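Here's a quick briefing to read with the model open beside you. Take the topics one at a time and find each residue on screen as you go.

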Amino acid sequence: MGRLRIRNHGKIQAELRVQGSKNSSLPCLAAALLHSGTTVLDGVPMIEDVRTAIGILRALGTQVTVEGSRVTVCAHEITCTEIPPGFMRKMRSSVIFLGAMLARTGEAKAVYPGGCVLGSRPIDFHLEGFRRLGCEVNLREEIIEVRSCGMSGAVIRLPFSSVGATENLLLAAAGAQGTTVIENAAREPEIVELSRLLMRMGVDVRGAGTSRIAICGRAAVRDVCFSMSGDRIVAGTWLLCCMNAGGTICLERAPVQWMQSTLEVLGRMGAVIRTEGMVVECSAPERILPVSYLETAPYPGFPTDMQSQFLPVLSGAQGDSCICETVFSSRFRIVSELERMGADIEVSDDLTRARIRGGKRLHGTAVTAPDLRGGAALIIAAMGAEGDTVIDDFYHIERGYECIADTIRLLGGDACWIV
Ligand code: UD1
């Protein structure tokens, strides 16, 4: 299914349960490789990236069963140490299976990963970290081969607090002799979630959620049943749909404690936000206020994964806004599509800043999703636009959002697939 037509009928009045976190589920699925037992993950979203991760696990020889949002991985036997190229090219996160494979078998092979085109996305921190643990890393053409005859704990200082590198090294370090310390580690909730799973498996991890994490390798890992948290980016996306269409939305299973920076910006835009436990309710203001300056940053800063979704909403604000992207170099590829819908956004020559001119009512037209979060921005735009919006290359969005057409209908819009 490549194209989705969306039309909205006015204000939203809806209650939704937020799907499980994609960015937590992927490393937790990789962690199932660490031992020859069974790992049960509950609340896993049934999205394309998770299907890719399950494909990798099966290709490596594990038995995976899926019942609703429960995924059971029996990793009694690993029959292959190469992650198939088709999966690697589909999703950048495939790279975190390298760390888990190293911990389990001492070797792993893959081609360079694909995924959203958000600018240059090297994996040098991951590979340098493996070297520090005592691995031999061979790169030829696009093939990565990593091998060790026994990893040893080390102090690894990341040049930037990379989420993926922190996860990969946590997983690899679980198989290293002694203690590994990751300095300048990412502090994202997904690191906390992965570390919680590792601790439940019996691995000693300290400091997750801070920039210094210590992990003791070679623990006797046990079977575990673990529940994923709600997805903070998906929750934010539905809140922004409400901001653009107007009305009120109530989200259950929202990881409220991990959404503070997004909720704070929504508050500055005039939203009335109420939270209680894992429930967040958002009422859109009659007039959306502009945001004079917003900068993406690693957690707990404003997430780069949320900035595309703010662009259509700020286009309708009562004045101009500015967003500065500091994490990825090509995150404004969505701008040209939003401009086809009537937005007026000026991107600086160095592609780091967008000035969003407010006061624009967007109109529906044919647009193309350039990447996952840019695609989510188009759904938000469509829910506030006049007329029909047809979104092409919808597969990008299906990588991270489950049952999208059903959700749009729940929000009061029409959604139908065009084949
Ligand atoms: C993860 C998230 C992604 C999110 C991003 C930043 C998953 C599946 N994906 O991506 O949704 O947008 O964190 O919060 O969890 N870098 C290097 N060398 C490396 C690794 C990273 O230069 O070896 C750079 C990247 O090019 C980028 C920055 O570091 O500019 C951040 O990347 P990173 O935190 O690694 O993002 P991902 O783990 O790919």
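Let's start with the ligand: a backbone N or O atom of Phe 125 lies 2.8 Å from one of its oxygen atoms. Keep in mind that this is a predicted model, where local features need pLDDT of at least 70, side-chain atom pairs count only at pLDDT 80 or more, and totals for chains, interfaces and linings use all residues. Residues are numbered from 1 along each chain as its sequence is written, and side-chain values use heavy atoms, with hydrogens and water left out.

**Around the ligand**

- Val 163 also has a backbone N or O atom 2.8 Å from an oxygen atom of the ligand.
- For Gly 164, a polar backbone atom sits 2.7 Å from a ligand oxygen.
- A polar contact here is a pair of N or O atoms within 3.5 Å; within protein, one must be able to donate a hydrogen and the other to accept it, and residues adjacent in sequence count only if both atoms are side-chain atoms.
- How much of the ligand's own accessible area does the protein cover? The protein covers 87% of the 740 Å² that the ligand has on its own, with areas taken from the Shrake-Rupley method and a 1.4 Å probe (for residues, only the protein chains shown count as cover).
- The ligand is surrounded by 19 residues, and the closest are Asp 124, Ser 162, Gly 164, Asp 305 and Val 327; to be near, a residue needs a heavy atom within 4 Å.
- That shell splits into seven nonpolar, seven polar and five charged residues. Ala, Val, Leu, Ile, Met, Phe, Trp, Tyr, Cys and Pro count as nonpolar, Asp, Glu, Lys and Arg as charged, and the others, Gly among them, as polar.
- Helices H5 (124-132), H6 (163-173) and H10 (304-315) each supply at least two residues of the shell. Helices (H or I, at least four residues) and strands (E, at least two) are DSSP runs, numbered from the N terminus.
- Which helix gives the most to the shell? That's H5, with three residues.
- Glu 128 is in helix H5 and is partly exposed, with a relative accessible area of 40%. Buried means under 20% relative accessible area, exposed over 50%, and partly exposed in between (1.4 Å probe, protein chains only).
- Glu 128 and Leu 169 are 41 residues apart in sequence, and their C-alpha atoms are 9.9 Å apart in space.

**The second largest pocket**

- The second largest pocket holds about 450 Å³ of space.
- On a 1 Å grid over the protein atoms alone, a pocket is an open set of points where a 1.4 Å probe fits, with protein on both sides within 12 Å along at least five of seven lines; lining residues have an atom within 4 Å of a point. Grid points are joined across faces, edges and corners, and a volume is the space filled by probe spheres set on the points.
- Its lining has 26 residues, and Met 243, Asn 244, Ala 245, Gly 246 and Ile 288 lie nearest the centre.
- Helix H8 (232-245) and helix H12 (372-384) each give at least two residues to that lining.
- By type, the lining has 11 nonpolar, 10 polar and five charged residues.

- Most residues other than glycine have a negative phi, and most peptide bonds are trans.
- Glu 141 has a positive phi near 45°. This residue is in the loop between strands S7 (136-140) and S8 (143-147), and it is exposed, at 83% relative accessible area.
- Asn 184 also has a positive phi, near 55°; its loop runs between strand S10 (179-183) and helix H7 (189-201).
- A cis peptide bond joins Tyr 299 and Pro 300, with omega about 10°. Pro 300 lies in the loop between strand S17 (294-295) and H10.
- Is Ser 21 buried or exposed? Ser 21 counts as buried because its relative accessibility is 3%, and a polar atom of its side chain lies 3.5 Å from the backbone nitrogen of Asn 23.
- Tyr 401, in the loop between helices H13 (395-398) and H14 (404-410), counts as buried at 3% relative accessibility.
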